[in-house]
Each structure stands twice: as C-alpha cells, then as structure tokens.
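Reader: I am new to this structure and would like a close look at a single part. Please take the place where two of the chains meet and go through it step by step.

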Amino acid sequence: MNDMRLTERAVDSKDVKIAARKVQVFYGETHAIKDVDVDIDDKTVTAFIGPSGCGKSTFLRCINRMNDTIDVARVEGDIHLDGEDIYNPKVDPVQLRAKVGMVFQKPNPFPKSIYDNVAYGPKIHGLAKNKAELDEIVERALRRGAIWDEVKDRLQEPGTGLSGGQQQRLCIARAVATEPEVLLMDEPCSALDPIATAQVEELIDELKQNYSVVIVTHSMQQAARVSQKTAFFHLGYLVEYGETGQIFTNPKDSRTESYITGRIG
Amino acid sequence: MSDITATDAVPSAPRKGSLLEQDARTKRRNAAETRFKMYGIIAVTLGILALVMLVVSIVSNGASAFQQTYITLEVDLPEDRLDPEGNRNRDQMARVSTFGYGPLIGEAMEAQIAALGIEIEELGNPGDIVSKEAPAQLRNFVLANPDVVGSTVTFEFLANGRIDGYMKDRVTRATALLDKNVSPAQLDLTDALGEAGVLEKRFNWAFITAPDASGQRPEAAGLGVAIVGSFYMMLVVLILALPIGVAASIYLEEFAPKNRFTDLIEVNIANLAAVPSIVFGILGLAIFINFAGLPQSAPIVGGLVLTLMTLPTIIIATRASLKSVPPSIREAALGVGASKMQTVFHHVLPLAAPGILTGTIIGLAQALGETAPLLLIGMVAFVREFPAGPPEGFFDPASALPVQVYNWTQRSDPAFVERASGAIIVLLIFLVIMNAIAILLRRRFERRW
Amino acid sequence: MPTLWLVLIILALAAVGYVVGRQRALASSGGNAKLLHSLPSYYGANVSFAVIIPAIGLLILWLLVQPAWIQNRVADMIPEGAIPEGATLGLVMSDVERVATGLNLAVEQGAMSEEDASSIRTEFTDVRQRLGEVGVALGSNVDAPVLRAAQRYREMSATGNTWMTVAVLAAALFGFVSSLAVTKAGFRARNTVERVILIMLMVAASIAVLTTLGIVLSMLFETRNFFQQYPWTSFFFGLEWAPDFRGNSNLSIIPLLWGTLYISFIALLVAVPIGLFAAIYMSEYAGPRVRSVAKPLIEILAGIPTIVYGLFALITVGPLLRDYFAMPMGLGESASSVATAGVVMGIMLIPFVSSLSDDIINAVPQAMRDGSFGLGATHSETIRQVVVPAALPGIVGAILLAASRAIGETMIVVLGAGAAAAQFDRGLGELVNPFEAMTTVTVKIVSQLTGDTDFAAPETLVAFALGLTLFVITLGLNVLALYIVRKYREQYE
C-alpha cells in the first residue's frame, strides 16, 4: 500500500470489504459515473437504487471489472477489495472475478447440463481434486442456491430447460460454487415473476451470512426488504448512502426523498 | 428455505490469496490464453498467406504473357513466286499456300544476318526462330494488298515461343541442349539480333485481341475469342437473370402467400445455390443441347446455364434489399390509394435498386469465373473464328475466359503455362473491376433507415 | 419468315395496340380520364399483353413441338434395312438433320437452287461433295433413303414454318381485336393488367423449381438408359473403374467416390481448423481495425474462381508438395495428388467455414460470455467451454456446407488430382497415400462427357449416373446443413 490515506481507512474500519474512492467511468465521451465514494461492508446486503440510467449497474460492473470486456469503457479512481487496489495493473481480472462473483439481470445459464453449469466455475478455478469432491461442491452450491430439491433428479438435463426463476437460482448457485467473497447481483429479479422473486429474495437473505452481497434493484420495496444498507444513485452521482431504514424513512437529500416518494423515476 | 439448515451453513468463505500475486494456476491459465490467441493469429495469417501466395504465383507466372518478343525483318516479295500469272488477281494468288511464303522469311532472316555480319555455326535455318505463324501473317498481308508484290516490305514477326521464352528467362542454354525445338546456336543468334535492335520485347496487345492458336505456336495465342465469348455470355445472363430474378424476388417477398408451394420454391432456391456447378453443366447438355437442339460451344447455351446458376444469388440479394425497405413506405403508398402492384413498382423497387444492382454484379462476377459447366457444353472446342455480332453471334461457337485457361493448361508446350496465368490475370482484373463497382454502388447508395 | 422477324412484328403490333387501346379508352369517356376506371395507360398495357402473351406462348410451344413431330414423321421413311450395322435410328436421324441443314446452307449461299435442293438424287449427284463445298462436312456418303428423308424434312419444316407464322400472327391479331373490343370506360383494366403481372411474377419464381426438376429429370432419364446397358449392382458395388471404349468397361463408382471423399477429407482437415480459429480470432479478439482488414482479405478467397485455384494447384502447390514432401519421403513422384487437390481445396474452403462460423459465433448472446467472465473464466476458457459449444450446431452446419462444396468441386481436382482412379486391388498403402494421384466423381463426369465417344454408349451415359449420385449426396448434405443452421438460428431469436 503506498496510499497512506487509504491504509488508515482500512485500519479504522475492519468490516469494510470494498472501498471506492473518486470512481469515474466513461463510455467513450459519456461520463457515466462521477466521483463515487462508497464503503461496502462485509456480510451485509447493500442495495443500489436509483432511476434508469443513473449508473448503478455501471458502478456494480466496476467492482469485478466486467467493464473491461467493453472496449470503450474507461474507469478512473480507486476501488479497493480488502485493501488491495483491484485496478492495479498487476491484478488479473480473472483472479478478481473468482473472489467477486456476479449474477445478471437475465438468467443466463450456459447451454450445458445443470450439473455442468454449476461445476463450470470450480473446474476452471481448480477447486475440486476429483469427481467426488466436485459432486460435493455442486450439491452444496445447489443447496445454497435453494434449488437442490427441484433439480437433484435431473442434474444432466440442460439448464436452459428450467423455468425463469429456477434458471436465476441456478445462476446464483453457479456463482456461489466458486466460493466468492463478494456477490454482485444486477437486478436479479427483474425478469422473474413474484413467486420466483420471493424465493430469490429469501435466498439473498440467507447468503448474507457468508458473503458481502451488493444488489442493484429497480424496486424500492425489494431494497427495503432485503438490504441493510442502501445507496441512491442519480445522474451518475452517488447522492446518498446509509442504513436502509434511514434512507427510506428519513432521507437527508431532497433528491432521495423525491425518488422514494415517486416524484422522479 | 428448507435446504439450508444451520448445520449446512458453511462458515464464511475462506480468504483467498492476495490479488496482487498470481498463483501458479492463474499463470498456467493465462499461458493457455496466450496460446489460444496465438492459434487464432496463426490461422488468420495462414489464410492471408494463402491469398498472397496465390496472387504471387499467378502474377509471377503470368505477368510475362503481356510481353512478347518481335523480330523486325525486311522481306522481299518476289512476283515469280507469289503471283506467277502476274495479274495481281487475288483468287489466283491465293493458290500459293503458306508453304510458299515460309522460305521468304528464312531468306529475309539470312539477309538480315549477313547485313549485320553475324556468324554463328550450326545454326540451321535461321528462319526457325520466327514464329510458325509468320508465313500466314505474310500471306494475309499480301492477299489483302496485292500491289506490294515485287517490292520489299518491313514486317514485325512474332519470335518463336522458345526464343520468346529465352527472352523471358524461361529457356536457358542448358534446357536448349535437351530441347529439339531450339538450339544454343539459335539463342546466340537471338542475343546478337537483340543487340542489333532487330529483335525486341514489347507490350503484347495481341494477347488480349488475337484468337487462340494451335499447340505448336503459343506465341500467337490470344484471348480475343474468349473475351468476346465471355462478354456474350454475361450479356445473356444479364438480360435473362436480372428480370427473372427480380420478378421472382418481388413475388416471394411481396405477394407470395404462405403455403406449401411458396415453401417449395424457398427450399429450391436455397438448394440451387449449393448444387455443384458441374451438375448445371449436365443440365445444360441434356436440356439445352440434346433436347432443345441448341448448338454446342455457343454463348447462348453457356449464358442459359450460367443464368440458372446466377439466379439464386440475384434472388437472395434482391430479397434482402426488398426486405430492407421499411414497411412505412409501403403503408404510405397504400394509404394514398395505390394498388399493391403500384406500391411495389413505384416505391419499393426503386428504393431497393442499388442493392439489386450490387447483387447482380456479384452474381455476374461469379458467373464470369465459372468453368466446369462450360466444359460439358462443348466450350472447350478450339475456336479461331470470332463470333458474329449479337444476336446471331450468340449462336456461333466461342470460347470463354476460364475455359481458355483450362484449355491452355492441357497443352504440352510449357509456354502455355505463362499464357494460362496471363489469362487468369485478365480474368481477375475483370473480377476486381466488377467487385469494385459493386462496392462503390453499395457505398454510394447505402441507406440506413 | 425468320423467327426474329415474327417476334419483331408481334412487338410492333403490341406497341400499336398500346397506343390504340389508350386512345380508345379515352374516347369512350369523351376524353376525360377521370371517368375511366383505371389510368389510360393500363388500357393500353392490357391490349399489349393480349397481343404478346398468346402469340409468343404459341410461338415457343410451336418451336418446341415441331422438330420432334417432324422427326417422328420422317423417321418412318427410313426403312429398317437402311440403318447400317452398328448404328441406331438416332444416328441416322442426326445424319438426316445434318444433310437437311447442309441443303439449306447450300441454297442460302446460292451454291444450289431451291429446285435442285429438293430434287437432287444420290444416283446423279455426289451430295457429300456438293455439301462439302458449302462447308458442311459429312462423315460418310449420303445414301438414297437419307437424302430423301432429308428432303422431306426440309419440306415439312418449310410448311411447318409457314403455318407457324400464320397461326402466331392470327393469335396476335385475335388478342388485339378482342382486347380492344372490351376496352370501355367501365372496364377494370388495372385489375386485369395487375393479375397478368402477378402471374408473370409467379412464373419467374417457379423457374427455381423448374430448374431443379430439369436437373433431376434430365439425369434420371439418361441414368435409366445407362442402367439398361450396365447393371446397377456393378455400378454401386463394383471395385474397379476401367472404361474401355471398345466395350466391356468396368464402371464402378466406388473408386471415384473414394478419391472424392479422401480429397474432401484433406480439404476439411485444412479448412476447418484454419477457418474456425480465424473466425474465433476475428469475432472474439480482433479489434475493429484488424477485423476490417483481415476479414475482407480472407473473404476474397471465396470470390476467386475455382479455375484459378486449379492453376495454382497445377503450377505451384503440386510441384512444391512433390519436391519437398513426396519425393524426400519416397511416397510418390506425381505433382497431381490427393494432397495437392486437398490442400488447395482447403484454402478455397477457409472463407466458407470462417464467414459462416463468424456469423454464428456473433449470434451467441453476450449474456453467455458475461456469465462466464463473471465466474472468473479467461477469454479462451469462455470461448472453448461456452461460446463454441453454444455455437456448435451452427458450426457443424457450416462444415457440412463446406463438405458439400468440396465433394462437388470440379476444376481444382481436374487440374490438381490426376486422372487415375483409385485401385483397390493394389492394397491399402496406395489407397491412403496422400501423394498418389487419384481421380474423383466430378473429374470423370467431365472426361466421360467431353470425350469423343458415342453419346449412347454406357461409357458416356455413366456420367449421368455419376452426376445424379453427386447431386443426391450434395443435396442431402445441403438440406441437413440448412436444417441445422435454421434450427440454431431459431434457438437464439
């Protein structure tokens, strides 16, 4: 660590998992994220809310460097994971993403069997020494994804044959299988029906025992239901960040209040 | 969640190593990544390399076909041998065959050698370094201008193919020793004549304008008939394939109901695009020549066969460009009371025209290079006569550019390899021009809705 | 009257009809176009169509039927005895036709009077010599029945042509008059004209079907002739290809098919890895600038005529493989070989594999890649384990299409593979040696049909059986490939 200021902060808040300072994101000429500072705690569900196009998903994709896959995207500022700068040139994004898993807006199971979908991550990262161990990891992940009972008899069937909600839980199981430390979820319920949404939300609540979960959501009710901390984004700025209860009941910023009461959206 | 019980819950995920150091596995994976990317680069390079090799091979073999060695000689045209009756009557003079003219060239050559003071042993008949085409050239000139008999005229003759090969470094003294068609002495003579300026290499217009020549005289072989034949065939293809293709596309894209018959047509078009070209040749032979009784080797038959081959290309391109015209244009026209037919012909078709033209040119370019079906309908025949002007010329025997290439590859004289490669260069130039026009059209008229 | 003139007259009549029809429609509404049902030009077009379509249709029909009909009638004139030993009626009839054309030519050039042409007799005139003078070379002397048949042929053609002219002109005039008769203000000219145009469009669209039908029928017909002279079991299951123009040929497809498949296999061995990796590189790794240069360059390979590849094989690749591989390894001394044709054909197929695979890889949704990257997979792991498996059906389709191209390819093998059929009795070593010259189905179709043999001999007709087999194989591959690709496209739509 050569940045003294950040070392200090890492010392005084042990529970901070991810620390972002002055993050800027540009898509070509567009300045999508402006000066975002945020500390995300371990073993907590943090919700990013805000109107469409406010930059919440973009910021989420900075945390595991998914923006690297977009040619025109450029990220400035610092994001530290456990005190290590993830944009340090020495960092291999592949290793980073093994630590910071991601679940996407639309369920995107691979065109493989259910088993292979979940086993994919452990295989590429070499987490299992043999078949038995892999079987165990797959079962554990599917159990933690709360889908084991539904699929245990048809593990060799294609993952694309499941219903939308099942597919999304499969994707969560797939992300969990690589034993990440942080789980990023980009509107994981937007493509699901209410029952499936309830199942996924329940799952998120369970997951926070082990992971730091960051969830981007469109639905304020969902943020209120699942998260402990909430960040409100507007026009690329992080407007307000705090305890979920405080944000929803007593917002400090007038823009947050307008959004929560439905005047901007 | 029933699945997760307290005992099942795993304690916090074990902390992994620092992000700043790559573990051994990541290093291995990154090495695999680099290798994989290298395979891709190698594949692309190989593809481009193949193209470069192809072009270099053809150009290096064929570029010399555009140059030809000529010998300038002053030939005496004695009356007693060319016009024994002395009345300059063309019909009577025609009785003297090319054998009567041959010796004149030999004598002119000897005179030239003597005048330059060249002395070479074991030369044999010095006239042999002149093309066997020369006596015919001389005779034709004399019969066309009977008055020159009795005078001395300066002529430019083609050099023999081997001498030409020597000027282009294809024939050397070492190969000449083994070759009964040329001797080292003749090569010495060639050098001497070259120094004297009597023999020189020049741009070879005749290669493009002259007709084919027999296997013994590669130096005289040209592409004239083949170019005319190919041009006639392209004309036939354009006249037939464009309207039929456009009409078929309009029907399928704008009018066809969704039924079995339409499906059948669709499947047929997709398949025809992939049927081996030789099968179209069999079709041409069986239907157009044996059944309909059209003449063999005629551009009309070639054109018909190529039309059938080109139709799928034109139909696919036309349909794509009809599809790209937005429905709002059709609705606007229908909205002001135009009939469906008027809408299509007044509004949709003009907007789709650039795309149709581009597709047609690309289809024509494909047809121009097609060889196999033409072999079967008899276009391999040796044709020296230029076909008449259209439309009668469509029924006269002709050759075609790619078939001429094939024809020349089948001849034994190695000089024909140069000719064949040269012919390919001409063919490729035509293709490049056609494709360039297509690309320009697309650039110029491309519309984004 | 020459057909060309007849066509011109019909067209002229149609043009007149257009003007008259238009005027008549206007006149019927008192010169006020608004009172007409359709625009005046539609009335004109209606008359033109009524003139052209029946007349030209009749003309085409007549031209197709008349020669066959006359031939039939004239054939009756040739007695059994006039057919020489070893010839068929068909051969004699083609002699008859040639003499008839010769007589026509002689009259045209003034070498013979019209009267002479119809009255000369073999007893008094050397017909062969007189026709030779006008440039019609005949293979043998003309005997009396043939000459008489030829003269009859001329007479009948002349009469037939006269009747044709009369009938076609009558049809044109009838169309002209009858369509003018209905031309009134209330007549729905536009609807009629549009219906006619629609039918013409339909006919144009049906040509694709007719072509396929023509291909199948023409080959089926001659193949049937072939199998009447040569047992089909020997064709499909024999092991030897040895045509002998004195008869008693062995004409089995197996040795040719072996050559075809072996060469295609080598071609795919070259084209599939290169094409696939090139497609992967260009769609997944290459930046827009590299892509914009490399992709068109590789696609140029697809636009180069196959004769160019053939020459490339003949003058460059063949000698290269022989001098640097075959001779040092002692595997052969021929520049034409399976490897030569296979490698060059492989180069030709690279763009087929690469452009189609490129499209298909691009059609794999980005979400798949994101899912894999999100799990910490490297780019190559994502491609190998997610993208390629997802695109596999499409890639298989592309490879099948390339295989179909390879099997049907002609010029490269004609110039690069050699003319000797695979010989099964010489042992496996020679069969699988890639530096051995070997011939293919397409090469033999060309050589059997361009030879000088009698068209009715099995040695010639075998080409049609070969062609039909080739057509069926490639058709099967194409249909399968198109089906797979279409299924694949539906999956991601």
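**The interface of chain B and chain C**

Chain B and chain C bury about 6,300 Å² between them, with 81% of that area on carbon and sulfur atoms. Buried area here is the accessible area (1.4 Å probe) that two parts lose on being put together, summed over both. The model is predicted: local features need pLDDT of at least 70, side-chain atom pairs count only at pLDDT 80 or more, and totals for chains, interfaces and linings use all residues. Residues are numbered from 1 along each chain as its sequence is written, chains are lettered from A and ligands numbered from 1 in the order in which they are written, and side-chain values use heavy atoms, with hydrogens and water left out.

In terms of contact (heavy atoms within 4.5 Å), 72 residues of chain B meet 75 residues of chain C. Of the area that chain B buries against chain C, 10% is supplied by Phe36(B), Leu54(B) and Ile282(B), more than by any other three residues.

Arg29(B) forms a salt bridge with Glu381(C), and their closest N and O atoms are 2.8 Å apart. Across the interface of chain B and chain C, 11 residue pairs are in polar contact, both residues at pLDDT 80 or more. A polar contact is a pair of N or O atoms within 3.5 Å; within protein, one must be able to donate a hydrogen and the other to accept it, and residues adjacent in sequence count only if both atoms are side-chain atoms.

On the side of chain B that touches chain C, helix α1 (residues 24-62) of chain B gives the largest share, 21 residues. Helices are DSSP runs (H or I, at least four residues), numbered from the N terminus. By class, this side of chain B has 54 nonpolar, 15 polar and 3 charged residues. Ala, Val, Leu, Ile, Met, Phe, Trp, Tyr, Cys and Pro count as nonpolar, Asp, Glu, Lys and Arg as charged, and the others, Gly among them, as polar.

Thr409(B) is in helix α17 (residues 401-409) of chain B. Thr409(B) counts as buried because its relative accessibility is 15%, where buried means under 20% relative accessible area (1.4 Å probe, protein chains only). Leaving aside neighbours within four places in sequence, Thr409(B) is in contact with Ala420(B), and with Leu311(C), Leu314(C) and Leu415(C).

Definitions and conventions: A salt bridge is a side-chain nitrogen of Lys or Arg within 4 Å of a carboxyl oxygen of Asp or Glu. Helices (H or I, at least four residues) and strands (E, at least two) are DSSP runs, numbered from the N terminus. Buried means under 20% relative accessible area, exposed over 50%, partly exposed in between (1.4 Å probe, protein chains only).
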